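Student: I'd like to learn how to read ring contacts and a sheet in a model. Can you walk me through this one?

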Amino acid sequence: MGQLIKLQDYISRYEQNIYLYPARFVRLKQQQWAKLNEGWERNQFEEWIEQQHPATAEIIEEKPSIKDKVKGLLSRKQKANSGSILPSPEIVQLEKQDDSFDFQAVFTVKPHSSEDLKQQYLDQLFRFQMKWASSTLTEKSNIQRQYYYEEKLKYLLQRFPDTFLVLYDPIFKVKSAPIALETIVITPTEVWCVSFLEEEDLMVYTGSSEHFWVGKSQRQDKKVLNPLFALNRTAQVIKPIFRKHSIDLPVKQIVLSRNGYIDYPSVPYGYHIIDRKNYEEWFSKMRSMRSPLKNHQLKAARSLLIYGDIQAFRRHDWDAMEE
């Protein structure tokens, strides 16, 4: 399952600590799945469903909330030094104890099959990732509901390896101005700039250097904006950032049409066309990538997140504690 490290201009936990969250997410996902799958194979799933709610309630009662931990730390710091702020090492420690790491899949009914179990689990993880991609311990962004039903976003997160880091519809701050970019996927070996071209099933697009391409289907002909323009803009933002931070990762620009065909005999250098003719081969290759998270990959992600625009507000419970 790919990891959503940046969504539009929302605040993200990965922006605070890119070296903590990716590995923690992988462990959390694997540990939870191992428990679920074991219960399923032993035919003990009904018992697991019955037991998980009381167990969860008991843990919540016994375990101090993250709010209480922060409140206690603030109180101690205020006594020692009135008006001082919480030092970053303590914030880091609180992040490690953050209740958001305590994700637990909840099932109210038994899945119909092992595949149904897996899909339900992935859907819950998806919503969990949306939380990480729109909030931190102290701040939160107003997330548009459409993203919870965004098929392309779910595709990137649910169909690719855990080591793929996704910036979806990111907005960067470049020279003090916000700029909307195409989706960026950072893998252990390369970076993709991805533009989806999926207007209609079986549509045939004629590629060119013109401002518009033409898409033809049995029902209609339709003009679509040349996707290479947006891809080029995205790459032109990424490459200088990588040079500045001494990051050596190839940047690939991909036009992806899973349900159509793209006719473009003379594709410009540096661009890749993935359509129905070669999609399965490309998809299988990406899915089979077994490389672990790399330090240079996390460094690349950190360098990009620095330039991500952020629109967020402080959490009300945090404000109440300060008052």
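Predicted model: local features only at pLDDT ≥ 70, side-chain atom pairs only at ≥ 80, totals over all residues.

Tutor: Start with charges and rings: a charge sits over a ring if NZ of Lys or CZ of Arg is within 6 Å of the ring centre and within 35 degrees of the ring normal. Here the charged end of Arg-258 sits over the ring of Tyr-155, 4.2 Å from its centre. Lys-154 lies over the face of Phe-126, at 5.3 Å from the ring centre.

Student: Which aromatic cluster does Tyr-155 belong to?

Tutor: One that also includes Phe-160, Phe-164, Trp-192 and Trp-282. Trp-192 and Trp-282 form a tilted pair, 5.4 Å centre to centre with 50 degrees between the planes. Trp-192 is in strand E7 and Trp-282 in helix H9, 90 residues apart.

Student: Why is the pair of Tyr-14 and Trp-132 edge-to-face?

Tutor: Planes over 60 degrees apart count as edge-to-face. The planes of Tyr-14 and Trp-132 are at 70 degrees, so the pair gets that label.

Student: Are those two residues buried or exposed?

Tutor: Buried means under 20% relative accessible area. Tyr-14 is buried at 1%, and Trp-132 is buried at 0%.

Student: What about the sheet: in which order do the strands run?

Tutor: Six strands form an open sheet in the order E1-E3-E6-E7-E11-E13, with mixed pairing. E1 and E13 stand at the edges with a single partner strand each, so one side of each has no neighbour in the sheet. Helix H7 packs on the sheet, touching E1, E3, E6, E7 and E11.

Technical notes. Residues numbered from 1 in each chain as written. Heavy atoms only, no water. Pairing = 2+ DSSP bridges. Helix = DSSP H or I, 4+ residues; strand = E, 2+ residues; numbered from the N terminus. Contact = heavy atoms within 4.5 Å. Axes fitted to C-alpha atoms, helices over the stretch in contact; angles between N-to-C directions. Phe/Tyr/Trp six-rings, centres within 6.5 Å; stacked < 30°, edge-to-face > 60°. Buried < 20%, exposed > 50% of the residue type's maximum accessible area, 1.4 Å probe, protein only.
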